[in-house]
Amino acid sequence: MSPIEEAKVSCLSLLTCHRELLVSRLRSIQCVLDNLQASHFFCEEDVEIVQRNMTKADQVRKILELVQCKGEEACEYLIFILYKVRDAYVDLQPWLKEINYEPSEDITVMKVVNTDPISRYCEKMRHEMSRDTCFIMSYGREEETRLEHLYTDTLMELLNEGNESLGFVESLDQLLGDHAVFNPQGETIFVMGDAGVGKSILLQKLQNLWSKKELQTDAVFFFRFRCRMFSAFSRNAEQISLKELLFKHNCYPDHDPDNEVFDYILRFPEKVIFTFDGYDEIQKDLSPISDNEVVSPEDKAHPLQLLVSLLCGKLLKGSQKVLTARTGVELQSKVIKKKVALRGFSPQHLNSYISLHFKEQEHRELVSVQLNASPHLCGLCSTPLFCWIIFKSFRHLHRMHDSFHLPDTCVTLTGIFLLLSEVFLSRSAPPAPSLLKTRARCTSETFKGGLRALAAFARLALQGLERGSFMCGQEELTACGVAEDDVPMGFLRPVSEQDGTTPNYEFLHVTLQCFLAAFALVLDGQSAPNTILKFFTECSRKNEQTCWPLEFCICKSSKASESNPFATNEHLQFVNLFVCGLLSKAHSSLMGHLAPPPLLRNKRALLKSYLSTSVRCHLRGLPHYSGNEGKKVHVLPNFLWILRCVFETGSTDIARMTAKGITAGSIKLGYCNVYSGDCTALNFVLQHRQKLLGLDMDNNNISDYGVKQLKPSFCKMTVVRLCVNHLSDSSVEVLAEELCKHKVVEVLGLYNNHITDVGAKLVAQIIEECPKLRVVKIGKNKLTGVGGKYLASAIRKSTSIFDVGMWGNSIGDEGAEAFGAALRHHPSLTNLSLSANGITSEGGRRLAEALKENSVLRIFWLVENEMTDDAAPHLAEFIQANTGLTHFWLINNHFTVHGMKQLAEALAHNTNLKEICVKGNQVSEEEEEQFVAENRLRFH
Ligand SMILES: Nc1ncnc2c1ncn2[C@@H]1O[C@H](COP(=O)(O)OP(=O)(O)OP(=O)(O)O)[C@@H](O)[C@H]1O
């Protein structure tokens, strides 16, 4: 028999041999029947015969029987179908491998069409997702931009459980991967970020990539939900099943008589990705729900309960879930697998965005020049939403009026949203007289002309927020006076079908809704004037007992009370902020055209008096504590909202009062989510401060733009702590210029930024020129030996410095030697960390030899370097000679017992040095015990 004949025989016999396995594992009958029929192996009658069998197993048995009757070719073709349609026959793939199946040349020319319900459903999903995600929202449908033409990467920072940075996400594939997972038991990837920072767009991009098969994942299904939709559900309190949630409210499987798609999802949850956008928009207390989790996929439950069960992994455990929320909203740690904080555009991203946004070189240049002149504007533009509004308005107004400049350097958020409204309103304005190509820009005319529509949208926005809703139906539009013609202006956009059928519209962005709601409060001449304060009161109600009327509360989702419709009241904070802006002096002339001036004056006075009292109460109520850097007050994140409101009012009186109210010598704004745009507000207040002040802003997101904004305030800063803030050398340039000019700085914290040797040279200048500087923290930057030398040489000349932290740079032996030389006879430096700097035994030797002569150093860190026993004799000599030393850390180097012994011997001659910490070197447990018993070497 020829090998070909042998193969034919084996195909037929294979089906007989493995009949039992095939009957149990072949699930998708339809695809097999469709192909057998299309290839004329089966006729219609054969198909009917198969379908007459009631159970799936019997159907498979019949197929096998019939195929075997048809002969070898039919048998081979059947196996070929199983081989080609992998998705549908996942369970048979190991079998095909086991029998070493390779299709013959004859069979490969035959066509196999994938009609499997799972594959079809996947195709349908990809198709719908591609259609729904390929455009980025814009003013109106006709102006929509393709996602790939405008999407720009943003900074996506990976965080650990304690919100410390684990570096940045390099590609979207990495977002879903195992990189930086801190809790493998957790089920959800939690993406957080401020308003408009790009959370929804990030998900859109992820969905779009998946739809085009460009995302590195083997996920077969992708379900996307917006959390606001769950609130819409909650109004009619219907109970639904998981299947309904997925199929009715997302994507329906068209040809699936046997429920194969849902079965597949239940069997392979790891093949499913879910995205849930805007957890902050859930307007319900979730704690009772989370106590009552759904566990069976068959059970009907409230949709929110399904959501919680999915997030916790009680339903479809192992499926991949990405959840987004505004910063400040918290989720139970046990649910979170990894955390990502969106930080907006970096300067490089902003440049790319400019290039994508403006096709004309002339516009690009114009915008870049204007932006470069204003760090405040750059700071605002690091938030993609604000950047988009500014750029879009620029283009629109430039086109309409031939020339237009970016907003001036101190533009507020209110200014930005006024600009957007002007653009919307000008779209419905009558065209310019025919002889003129363009008409002169007259903002007040545009607003006056569009006042009716604006007021109607404003009413709609306010009513929505009062009702706790981000979506509205046609009846609501009509009731508020929004005419059909007003809708295309751009304030509203239709809600896509997948979000349910009842509500039809939502505001272009939720922050725009907040702005319009504020407009409604300011324009309202019917209600009592103090209605403008209603959301301030709403925000402070939770803290009534503390009597701080302006105690803005960030409610954690798990604690939100029924009375507050929102999981976080950040949306209401935005309304307050816009009320302040609309009633500010800067906009009084425009607003005077839209509402009676006496009414506005009255409201302005009320607001001012309210803010003044609140600021005073807030600042008085803050707890003070004493630390190394004097009397400090740790302000709460709410303080940031106060600053933002004060800046928005533009009132120097209130700013002065706020500055005066800070009675402590130092304020701590660490982990307060301060972004670069906020620095303008902070600077606005600090400008009015007379006394010196310490400012601790560690662990925020102020970036170089923020530092530039704070420039005028550095003259009075004694403590400048800007650790973990994404600063580069250009920030250090500003600091060097200001701090060296005023010479009052005592503490400079720059740990964990992106400073290179260029910046190190400037820090060295600060050390040399600021006679009060005691502490410098510049660890975890990008310094090499060159930077190390700059710093060492400056330290050598300073007589005030006593604490220097250099942990986690790469100064190596070159830097170590320079530090040795600088400290040989140093009069003041007592604490030094040169840990994790790639210092070898040679560097250790040079350091040790120089430091033998030093008598001031008390605490010395050389952790995580590359020193071996070769360094031990030199370190031993240093230990013996330097009797001032109290703590010496040599954790995670490469010393063995031999080196340890030398260190131990030296320690015996130095009674001041309590112990040397040598954990993580190359010593066995028994040897450790011996050392611990006899010496003061510490291993734990
Ligand atoms: N990566 C990006 N590239 C280009 N434009 C972006 C990007 N991210 C956001 N934008 C722009 O900013 C707008 C707002 O972004 P998005 O709606 O994603 O913000 P968000 O973080 O979800 O805000 P919120 O929390 O208020 O809902 C987008 O419509 C888009 O115009």
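Residues are numbered from 1 along each chain as its sequence is written. Because the model is predicted, local features need pLDDT of at least 70 and side-chain atom pairs count only at pLDDT 80 or more, whereas totals for chains, interfaces and linings use all residues.

**Overall make-up**

The chain comes to 42 helices and 27 strands, where helices (H or I, at least four residues) and strands (E, at least two) are DSSP runs numbered from the N terminus. Of its 940 residues, 49% count as buried, a residue being buried if 20 or more other C-beta atoms, placed from the backbone, lie within 10 Å of its own. Among contacts between residues at least 6 apart in sequence, 80% join residues at least 24 apart; two residues are in contact if their C-beta atoms, placed from the backbone, lie within 7 Å.

An open sheet of 7 strands runs in the order 4-3-11-5-10-8-6 with mixed pairing, two strands being paired if DSSP finds at least two bridges between them. Strand 4 (165-168) and strand 6 (221-226) are its edge strands, and each pairs on one side only. Neighbouring strands of this sheet are turned by 20° against each other on average, direction ignored. Within the sheet, strand 3 (residues 155-159) and strand 11 (residues 336-344) pair in the antiparallel sense over 5 bridges, and Leu158 stands opposite Val340 in strand 11. Helix 12 lies across strand 5, strand 6, strand 8, strand 10 and strand 11, and runs at about 155° to strand 8 (272-277).

A second open sheet has 3 strands in the order 12-14-13, with antiparallel pairing. Strand 12 (471-472) and strand 13 (492-494) each have a single partner strand, so one side of each is left without a neighbour in the sheet. Strand 12 pairs with strand 14 (residues 505-507) in the antiparallel sense over 2 bridges, and Met471 stands opposite Glu506 in strand 14.

**Ligand shell**

Of the 22 residues around the ligand, Gly198, Lys199, Ser200, Ile201 and Pro384 come nearest, where a residue is near a molecule if its C-beta atom, placed from the backbone, lies within 6 Å of it. Helix 12 (199-211), helix 21 (384-401) and helix 26 each supply at least two residues of this shell. By class, the shell has 11 nonpolar, 9 polar and 2 charged residues; Ala, Val, Leu, Ile, Met, Phe, Trp, Tyr, Cys and Pro count as nonpolar, Asp, Glu, Lys and Arg as charged, and the others, Gly among them, as polar.

**Helix contacts**

Axes are lines fitted to C-alpha atoms, for helices over the stretch in contact, and angles run from 0 to 180 degrees between N-to-C directions.

| Helix pair | Axes | Angle |
|---|---|---|
| helix 24 (residues 451-467) and helix 26 (residues 510-523) | within 7 Å | roughly 110° |
| helix 37 (residues 785-797) and helix 38 (residues 812-823) | 8 Å apart | about 5° |

The contact of helix 37 with helix 38 divides into 6 nonpolar, 5 polar and 3 charged residues.

Methods
Buried ≥ 20, exposed ≤ 12 C-beta atoms within 10 Å, placed from the backbone.
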